[in-house]
Amino acid sequence: MHTAQTFSANKRIFMVSCLAALLILAVGALKWRYGVEHGVDKNMFWSGKIFWNKQFDVVMAGDSRTYRGLSPAIFQQILGAHQRIGNFGFSSCGFGAQYLSQVGNLFDPASRQKKLILGITPGALTVGNATINNGYLNLIRQDIKDLVIMHQFGPLLSFFDPLAPTDIVSIVHHGKTGYFQQYHPDGWIASAKIPEHPDEALGPYIATWQQQKVSPQVVASLLDRVSGWTKQGVQVFAFSPPTSAALHEIERRMSGFDPEDFKKRFEQAGGIWLDIQPGKYHSYDGSHLREDGARRLSTDLAQAIRQHESLAYQKD
Amino acid sequence: MLFNSFIFLIFGALFYWLWPHFKNKEERRYLFLIIASFIFYGWWDWRFIFLLVANGLLVYYTAIAMAEFPRFKKGWLSLALLGNLGCLMLFKYLGFFTENINSIAHLFGLSLHVSHLSLVLPLGISFFTFECLSYAVDVYKDELKPTRSLLHFFAFLSLFPHLIAGPIIRASDLLPQLKKVINPTEVQKWEGYKLIVFGFFKKVVIADNLAPAVNAAFSTPAPEYSMLYWWVIMLMFAFQIFCDFSGYSDIARGLTKWMGYELPVNFDHPYVSRSFREFWGRWHISLSTWFRDYVYIPIGGSKNGLLMGLYAMWVTMLVSGFWHGAAWTFVIWGALHALYLSVERLTRWQQPLEKLPVLRHLVVLLILIQVLVAWVFFRAATFTQAMAIVGLLFDFSHPAFRSLHMLKPFPLFALGIIFLWEFLVYIKVSWAAKRREETLSIGGPIGGRFAPVFIEAAVLLLMIVASVYCRGPGGAFIYFQF
C-alpha cells in the first residue's frame, strides 16, 4: 500500500478511527432505532439463564418451542403471584443428562409446590440435540470469563452485533418488517415475524429427520428422571408444543416419535400429561408460536394445571 | 486471548498506553513484554505458560552451555532438541502414535492394544517449539551468540503478537531489535495501522463468513454434491485459510510495528503464483524458510544432484505436512505438494506456456487448481472423505449446477470480494512484470502510485465498519490448532 514520505501518522490514524467510530455509532443507532429485538438484552438474557440456581417453584424446560411458547408471567397470573416461575428453554435443547441435572437444580429446596413443565418435541428427544446441537451445552462450554463478559456488557456487545440481512431489511422498512423478539427476564421470548413464512421451518426439519431419529435411550433417560423427580415431590407436567399441521405431519412420519406410547410411559413414570388443541395457536414459521399464540397456550396450560390441582385437592 | 475479542481490545489499549512508560529501560522493557505476553497467552489456560517457560529455559541454558562448553556442543544441542521435540511429540502426536500402533497391531492380528491417549494441545506449541529449535541450532552453528539475559530471551520467545500462530521469528532478527529503544516512525505507525485493519477485515469479514459454508460442506462424511459446488467450496476454503492465517500475521506485524519492531512478511499473495516454487515462496514464508534452513539444507538440499535434491525436498514436504497436524491427511497434503514440485522440477512444464500471452495466465489457474486439490486433504476429516471429494471435483457425469442452491449469498459475496482483490493484485503483478518492475513485495492492489491517501483512508474506513457489522460467526484462527 501507498506510503508517503512525511506525514503525521497519529493525525491520520486519529481521523480514520474517528470517522469509523462515527459511522459505527450511526449504524448502531439505526439498528437500535429500527431494531426488532426488545426487552432484556439478548446476551444478558441467555447468559443470565446459565446463572439461575435454586430459586424457582415452577420451571419450564425444553427447546425453542418452549422458550418461545410459554410465558411465566401468564402462569403466575393464574397459578398465583407468589409463584416464582422461570422458562429454562434453550435453542435446539434436547433432554440430555447435563441439562436435566441443571433443571433439577433450579428449584428452591424450600419450595413446597415444585412443578416442572416439559415441552416434549421429537427434536428434544434426539441424541444430536441432547448432546451436541444443544443451546444450553454450547453456552456452558464457553469460558466462564466470556459468559461473565456477556452478562456484564451485554448491551454493549449487542450494539456491535453483526448486521444480519434481516436487520438491513428492517432498517430499510423503518422497523415494520423483520423477526420481532421481546426478551423477558423470566426466560420467555415473545416472537413474531413480518412477513410470516408459515412453511419456513419445514425444509430444515425434513433435512433434520433424514439424518436422525428420536432416540429410545434419550426417552428412557428422561422418563427415569421424571420418575425420580416425582418421588422427590416434584409435579412433572408435559405437553406437546403445537406446530403447524404440515410440520406435525412431517414429524409424525419421519421422526420415529410415538406420542401415544410416550404419553403412556410418561404417566406411568408419575408425570401428568396436558392435552392441548393443536390448531388453536398461530405459528409464524410452522414451528414456533407467535406472541398471541404463546399467550393463549400459556393461559390454557396454566388453567389446566390449576384445574388438575383443584381436582387433586378435592380428592384429598 | 483472541485478537478479535472484546478482552483483547482492553488488553491492547492498556498495553500501548503503558508501553511508552516501560520501553526506555532495557530490563524493564523485557519484563513488561514478558508479563503482557504471559497474560495474553495464559488467558486461554494459565497451565500452558509452564510449558512455554520450561521449553524456553531448557533452550536458554543449553545455548549458554554450548558457548561455555563447546566440547560438548552436540550433547547440549541434542538435549535442547530432545526436550523441545519431545514435548511437541507428547502433546501433539501421542494420540496419533497410539492410534497407529493399535491399527498396525490389528492388521497383523496381534492382541496388543495401547490405551488411546491424547493430551490437551497447548496453543502455539508448534510455533514456539520451532523458534526454540532455531535458536538452539543457530547457536550451535555459531551463527548466533546466545543472549545472557533470561529476560531478553523470553521477551523474544513470548512476544505476544506472534506467540500463538507466528510468523516464526529468528532470534537473529528479533533479539537485536528488542535490545534497542525504538520509537516507531510515522511510516511504521501508519503501515501498522493498515496491517491491523486489513488483518481484521480478512479474518472476521472474509474468513469467518466463508467458514460456515465450508464447515457445512465438510460435515458430511460421505459428500454428494456436484462438481461445481465442490470447486466453489474449495475456493472458499482456499481463501478462508489464506485470509485467516494471513490476517493473523498482518495483525501480528501491525502490532509489532507499533512497538517499533519489524516482523517479516509471512504471506505474499500465494494464489498469484506461476509455479509451486513461487507458491512456497509466498505461502507461510516464515515456516517454509524454517524448513528450508533447518531440514532441507541440512539434508543436503540441491547441492548433491537432482536425485538427492528431490529426496531432500520430499522429506521436507512430508515433515511439513506432519507438522500441520497429527493425521495422515496432512502428510498426504505435504506429499501432493512434493509431487507437484517434483514434476515441476523435472519437466519445467510452465516454461512453454509462459511464452504465449494468453496461456501465461493459464499457468496461474493450473497452479491454483492443483493447490485446491491438495487443500481437500488438508481440510478433510478422513482419507475416505478426501478421496470422495476429489472424485466429485472431477465428476463430469453429474449436472454441474446441482447443489449450488445450497450455497448462501453472504459466503459467496465474501468469496467474491477476496477473489476480486486478489485478481486485482494479479493484474498489478502482470502489469508490473510486463514493465519489468521489481515485484518482490506486491502489497495490495491499491498500493504504490495507484492510491492517493484519501482512497486508502476510505478503504480502511469501510474495512473497519465492515469488521464490526459484517463479521462472520466468531471463531479461533485456524492455525491455532497447529
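A:Lys42 counts as partly exposed, at 22% relative accessibility. Its salt-bridge partner A:Asp161 is buried, with a relative accessible area of 16%. This is a predicted model. A search of the whole structure finds 32 salt bridges over all chains.

**Salt bridges in chain A**
- The side chains of A:Lys42 and A:Asp161 come to 2.6 Å, N to O.
- That pair links distant parts of the chain, 119 residues apart: A:Lys42 sits in helix α2, A:Asp161 in the loop between α9 and α10 of chain A.
- A:Lys263 pairs with A:Asp275, with the closest N and O atoms 3.2 Å apart.
- A:Lys263 is in α14 and A:Asp275 in the loop between β8 and α15 of chain A, so the bridge ties together parts 12 residues apart in sequence.
- A:Lys263 is partly exposed at 21%, while A:Asp275 is exposed at 58%.

**A salt bridge in chain B**
- B:Lys73 and B:Asp142 meet at 2.9 Å, N to O.
- B:Lys73 belongs to helix α4 and B:Asp142 to the loop between α5 and α6 of chain B, 69 residues apart.
- B:Lys73 is buried at 15% relative accessible area; B:Asp142 is exposed at 61%.

**Interface of chains B and A**
- Contact involves 29 residues of chain B and 30 residues of chain A.
- The two chains bury about 2700 Å² between them, 72% of it on carbon and sulfur atoms.
- B:Phe6, B:Trp190 and B:Tyr469 supply 28% of the area that chain B buries against chain A, more than any other three residues.
- On the chain B side, α19(B) gives the largest share, 9 residues.
- By class, that side has 19 nonpolar, 4 polar and 6 charged residues.

Definitions and conventions:
Residues numbered from 1 in each chain as written. Chains lettered and ligands numbered in written order. Predicted model: local features only at pLDDT ≥ 70, side-chain atom pairs only at ≥ 80, totals over all residues. Heavy atoms only, no water. Contact = heavy atoms within 4.5 Å. Buried area = accessible area lost by both parts, 1.4 Å probe. Helix = DSSP H or I, 4+ residues; strand = E, 2+ residues; numbered from the N terminus. Nonpolar A, V, L, I, M, F, W, Y, C, P; charged D, E, K, R; others polar. Salt bridge = Lys/Arg side-chain N within 4 Å of Asp/Glu carboxyl O. Buried < 20%, exposed > 50% of the residue type's maximum accessible area, 1.4 Å probe, protein only.
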